[in-house]
Structures are given as C-alpha cells and as structure tokens.
Amino acid sequence: MERETENNKMAGRPEIRTEHLTFSYDGGKEVLSDLSFSVFRGECVGLIGENGAGKSTLLKILVGLLPGYQGRAEVGGLQVEKKYLRQIRTKAGYVFQDSESQLFLSTVYEDVAFGPRNYGLDEKEVDRRVMEALEQVHIEALKDRQIYRMSGGQKKLAAIATVLSMRPEAILLDEPSGALDPGNRRNLIRVIRELPGTKIVASHDLDLILDTCERTLLLGEGRLIKDGPTEEILTDEKLLSAHGLELPLSLIHRSR
Amino acid sequence: MDRLQTAIAALHEVDRESSTYGVGSRVHPLARLIVCMGFLLTTVSFAPYDLAGLLSMSIYLFITGIWEEIPIRKSLSGLRYLFVPVCFLGLANLIYDKDVIYYLGSVPITGGMLSAFTLFGKGVFSIMAAFFLLRLIGMQGLCRALLRLGIPGGTVTVLLLTWRYLIVLLKEIRRMWQAYTLRAPGHRGIHTGAWGSFAGLLLLRSMDRAADVYHSMLLRGYDGTSIREGTESRAGTGISILYTIIWLGVFLLLRSIPLFHLVGSWLGGFM
Ligand SMILES: Nc1ncnc2c1ncn2[C@@H]1O[C@H](COP(=O)(O)OP(=O)(O)O)[C@@H](O)[C@H]1O
Ligand SMILES: [Mg+2]
C-alpha cells in the first residue's frame with residue numbers, strides 16, 4: 001500500500017530536484033547560490049561552466065557528500081539528508097573526475113563488486129551485477145585485470161562500472177572526458193549515450209556535451225545562468241564567452 | 001621510480017579478497033587471524049638465547065607457504081626493506097653481551113650474537129607471518145575478522161584507510177616525482193631547496209585524494225561497522241575450527257618441547 005503511493009508520487013516527480021540550493025565550504029564565500037532546477041527521469045543533462053563554477057560541488061551535494069547546504073536538494077523524491085543517504089546512494093551514483101580515487105581495489109572485478117557486496121547481496125547476485133555492469137561499458141574482457149596496469153581510458157570505464165553495479169536510477173559524471181585521448185573519448189561518448197537511466201554530465205568539454213545531452217545547464221560562479229536545449233546554449237557564442245567557455249570545436253567547423 | 005611502482009603493485013596485491021582457492025579458501029579468515037596471532041605471541045615469547053626453539057617455529061611459515069603456494073623466496077626479497085630496521089634491533093645486544101656461550105668449531109659464539117640473531121629471527125618471522133596473513137585473507141578479510149573479534153568499527157576503518165592512504169601517498173609521490181624530474185632534467189632527485197614545497201604539496205594532494213577514496217567507499221555503501229560476507233561464505237566451520245586447534249596445538253608443543261635439541265641429540269646418537 002505504502003509503496004504504491006510512493007510510486008505514484010514518484011512518477012509525477014522529477015528524479016533530481018533542487019530549490020534555492022545554496023552552499024559554501026566551511027562558511028566561506030558562496031560556491032552555489034540559489035540554484036533551482038529539475039531533471040526528469042531518463043533525461044541526459046549537461047552541466048557546463050568554467051573551472052570553479054561549482055559543477056563538482058553540485059554533484060557531490062546531490063549524492064550526500066557535502067552536508068550543510070541550504071534550500072532543498074532531492075533525489076528520487078527523497079531529501080538529501082542523513083537518514084536517506086543509504087537509499088539515495090543506490091538511486092544516484094557519482095563517477096569521480098579522477099578514476100584513481102574511485103578505484104582502490106586490485107582487480108576490476110573486485111572493485112566493481114565492492115558496492116553490491118556492501119549491500120549484502122549474495123555472491124551469485126554480486127557476480128550477475130558485476131558482469132552486467134562490465135557489459136554496459138564493454139570491458140568484460142578486463143574483468144580480472146589489475147587496475148594499476150590499465151590505461152586512463154580503461155580506468156574511466158571501470159570507474160563507471162563500479163557505479164553501474166549498484167544499479168542506480170541516475171548517474172552523475174564529473175568531467176568524464178578529462179585526460180582521455182581522442183579514441184578513448186569517442187568510445188566514452190558511445191558508452192554514455194548507451195547508459196540507461198537519468199544522466200547528468202558535468203564538463204567543460206562542450207563537444208562531449210553536444211554529443212550526449214539534449215538539455216544543458218550553464219553554471220557561472222555558482223549561479224544557474226541558463227537552462228535550455230543544448231543546441232541553443234552551445235551555439236550562443238556571446239553567452240559562452242561571457243562565462244569563460246568557447247564554442248564546441250565541431251560547431252566552429254560547421255559554421256566556417 | 002620503478003621501485004615505487006613495484007611497491008604500489010605489492011600493496012594493491014594485498015588489497016583484495018582472499019587470494020586462495022584450494023582447500024585453504026575453506027578456512028575462515030577469523031581462524032587465520034587467530035592462528036597468526038597465536039604464532040606472533042609464541043614467537044615473541046621465546047627466551048633471548050633460544051634460537052633453536054625459535055627456528056622450529058619456521059615450520060608454520062614453510063607449511064603455510066607450500067600449502068598455499070606463496071612464493072617464499074620472492075616474498076623474502078620483496079620484504080627485505082622491512083628487515084633492515086629489524087637488524088638494528090639486535091645490534092645493542094651484540095655490543096653489550098660478550099659472554100661466550102659455546103664454540104662453533106673454533107668460532108666463539110657470544111650471548112650477544114645469539115640474542116641478536118634471535119631478535120632478528122623474531123622480527124623476520126613476525127613480518128613474514130603478517131604478510132602471509134594479508135596475502136591469504138586480504139586487507140578486507142582482515143578488517144572483517146577484526147570486527148568479528150570485537151574491535152570497534154571506527155578503529156577498523158582507520159586501519160583500512162591508513163592502508164589505502166599509503167597507496168595513495170606512494171602514487172602521488174610517483175606522479176609528482178615524474179612531473180618534477182621532467183621539468184628539472186639533469187638533476188638526480190629533488191633539489192634540496194624544493195623539498196619543502198614538494199612535501200607540503202604532496203601532503204595536501206594526497207589528503208585530497210584520500211578523502212576522495214573514502215567518499216568513494218561511502219558512496220558504494222561502506223559503513224565500516226557491519227560485517228559483510230566476502231569469501232567467508234565459502235568457509236567451512238569444521239575445517240576452520242580444526243585448522244585453529246591444530247596450529248595452536250603445534251605452537252604450544254614447539255614452545256614447550258625443545259624440538260630441534262631433541263632431533264639434534266637423536267641424530268647425534270647415531271654419529
Ligand atoms: N574542498 C573544498 N574546500 C573549499 N573550497 C572548495 C573545495 N572544493 C572546491 N572549492 C571551491 O569551490 C568552488 C567550486 O569548485 P568546484 O565545484 O570544484 O568547481 P568545478 O567543478 O565547476 O570546477 C571553487 O571556487 C573552489 O575553489
Ligand atoms: Mg570539477
């Protein structure tokens with residue numbers, strides 16, 4: 001009964017929602033100011049802004065790593081606060097900018113299994129989840145590889161898999177294409193497009209956003225400057241340069 | 001810097017679920033922890049001159065090494081840097097205790113030599129045993145076993161994080177070292193004037209990274225207090241209890257009867 005009403009409520013609700021979200025680190029200056037937006041189930045939303053705009057901070061707040069914000073932040077209909085953290089962390093997964101921080105065990109399999117094991121699943125189910133996650137990022141073949149021997153691109157995919165094995169409804173990627181060569185970057189774009197569920201991709205790699213997200217949020221100094229269709233925002237040269245960003249390369253080529 | 005890479009690899013090697021697959025994997029990590037603690041206690045408790053008694057304890061290391069297919073010689077050479085400080089432990093004895101106990105051929109063996117060797121042996125055996133334990137049950141298995149023994153979750157988490165921090169720190173040193181030497185070609189190592197800022201930056205960066213690692217653990221459901229099953233699900237109760245009792249019994253026996261002396265005099269009887 002209760003679950004029924006919960007589901008009904010959720011169907012009409014956005015997957016991720018903030019309202020007047022304001023945050024500062026240790027009482028310093030505001031890093032996020034009065035941020036309000038919603039992301040609906042199944043959307044892929046780009047989060048752009050120059051370095052220090054607050055992209056990472058926003059994503060970390062959403063997965064409950066930075067308590068002490070003002071305003072509202074909701075994931076899957078639950079307010080991000082201590083008593084819901086365990087649930088929220090199965091609903092939304094965060095892929096760190098630096099894969100090395102995300103991967104701390106020796107082999108790909110061990111690391112991808114870490115989450116499911118923590119949730120007390122039996123080894124058979126853990127195995128199923130690990131294999132499913134590896135398939136989603138096409139690295140089944142790397143299952144038993146030692147992580148410290150893998151390339152940056154492979155580590156990134158493994159890092160994504162560690163989040164996928166938790167079967168989150170939403171996945172938040174922080175600068176996923178940073179430090180990747182063109183080949184790995186193309187592969188990553190394909191993987192991101194194929195990922196199920198709701199996605200937020202934070203990046204200043206605007207070509208990546210153009211290739212993966214229909215909608216984009218532009219952050220500038222912690223404020224939401226613009227929220228609209230990706231094509232519209234990423235072609236607005238004046239708007240972008242006012243916030244320290246440049247037209248995506250592929251658009252420059254197109255217009256000349 | 002390749003040596004750093006090797007060290008990082010070795011640490012990673014241990015930070016995994018149990019690496020045994022044979023009969024050994026049916027032994028519960030808790031049983032292994034208890035036996036290892038029994039080994040350490042017994043080893044440390046030998047009298048300073050009882051080198052022969054101490055050496056008999058190596059039976060455990062050999063049997064475990066062979067049974068679990070741990071390359072003993074490779075482990076010894078990998079751990080050799082840890083043995084260096086252990087060498088210094090016995091040095092004082094060598095100097096102060098010069099009473100000759102017996103002659104080996106015409107070479108006088110002093111009490112100092114004997115006790116220095118014994119101390120060194122204790123150190124090496126303990127390090128080996130701890131290393132074997134880690135290899136067999138992994139850092140995570142060790143943490144779970146400690147939780148079962150009633151060690152508080154906070155303490156165990158600190159242990160786990162210290163371990164992970166060590167890995168992060170080594171990686172960061174490696175990264176910064178490379179960045180530095182690329183920009184200061186021709187220098188061997190780091191210019192003395194740059195040490196201060198290098199160390200400061202290293203601390204800040206590795207702490208940031210360590211926080212990320214911890215956050216990544218939290219995000220994936222780690223709470224540091226609950227006991228989750230890893231490879232323990234494969235463990236058998238009977239075999240684990242048997243394993244514990246047999247080894248503890250062997251230790252007790254080796255501690256109470258001078259096995260090597262007996263064997264020696266028995267062999268001597270024939271000669
Ligand atoms: N741990 C922290 N402590 C204090 N200030 C921080 C911390 N992390 C980030 N900041 C500051 O918050 C602002 C936003 O940073 P961040 O969210 O990382 O931006 P982005 O990801 O868009 O580059 C920056 O001014 C940065 O200096
Ligand atoms: Mg960032």
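Predicted model: local features only at pLDDT ≥ 70, side-chain atom pairs only at ≥ 80, totals over all residues.
User: What makes chain A as compact as a globular protein of its length?

Analyst: Start with the parts: chain A has 12 helices and 10 strands. Its radius of gyration is 18 Å, close to the 18 Å that the globule rule gives for 256 residues, so chain A is as compact as a globular protein of that length. Along its principal axes, the C-alpha trace of chain A spans about 55 × 50 × 35 Å.

User: How much of chain A counts as buried, and what does that word take?

Analyst: A residue is called buried when its relative accessible area is under 20%. In chain A, 57% of the 256 residues are buried. The accessible surface of the chain comes to about 11,600 Å², and carbon and sulfur atoms hold 46% of that.

User: Why is strand S9 of chain A said to be largely enclosed?

Analyst: Strand S9 covers residues 215-220 of chain A, and 6 of its 6 residues are buried, so the rest of the structure largely encloses it. Arg215(A), Leu217(A) and Leu219(A) point one way from S9(A), while Thr216(A), Leu218(A) and Gly220(A) point the other way; all are buried.

User: How do you know which strands pair with S9(A)?

Analyst: Pairing takes at least two bridges between two strands. Strand S3 (residues 44-48) of chain A has 4 bridges to S9(A), so by that cut-off they pair, and they run parallel. Strand S10 (residues 223-229) of chain A is joined to S9(A) by 6 bridges, so these two pair as well, and they run antiparallel.

User: What lies between S9(A) and S10(A)?

Analyst: The two strands form a hairpin with 2 residues between them. Glu221(A), in the turn, has a positive phi of about 45°.

User: Why is Arg174(B) called partly exposed?

Analyst: Its relative accessible area is 23%. Buried means under 20% and exposed means over 50%, so a value in between is called partly exposed. Arg174(B) sits in helix H9 (residues 153-183) of chain B.

User: How far is Arg174(B) from Gly221(B)?

Analyst: Their C-alpha atoms are separated by 30 Å, and the two residues are 47 residues apart along the chain.

User: And how many charged side chains does chain A have?

Analyst: There are 35 positive and 40 negative side chains in chain A, and the centres of the two sets lie 2 Å apart.

Key:
Residues numbered from 1 in each chain as written. Chains lettered and ligands numbered in written order. Heavy atoms only, no water. Buried < 20%, exposed > 50% of the residue type's maximum accessible area, 1.4 Å probe, protein only. Rg over C-alpha atoms; globule rule 2.2 N^0.38 Å. Areas by Shrake-Rupley, 256 points an atom, 1.4 Å probe, with all protein chains shown as cover. Lys, Arg positive; Asp, Glu negative; His and termini not counted. Charge placed at Lys NZ, Arg CZ, Asp CG, Glu CD.
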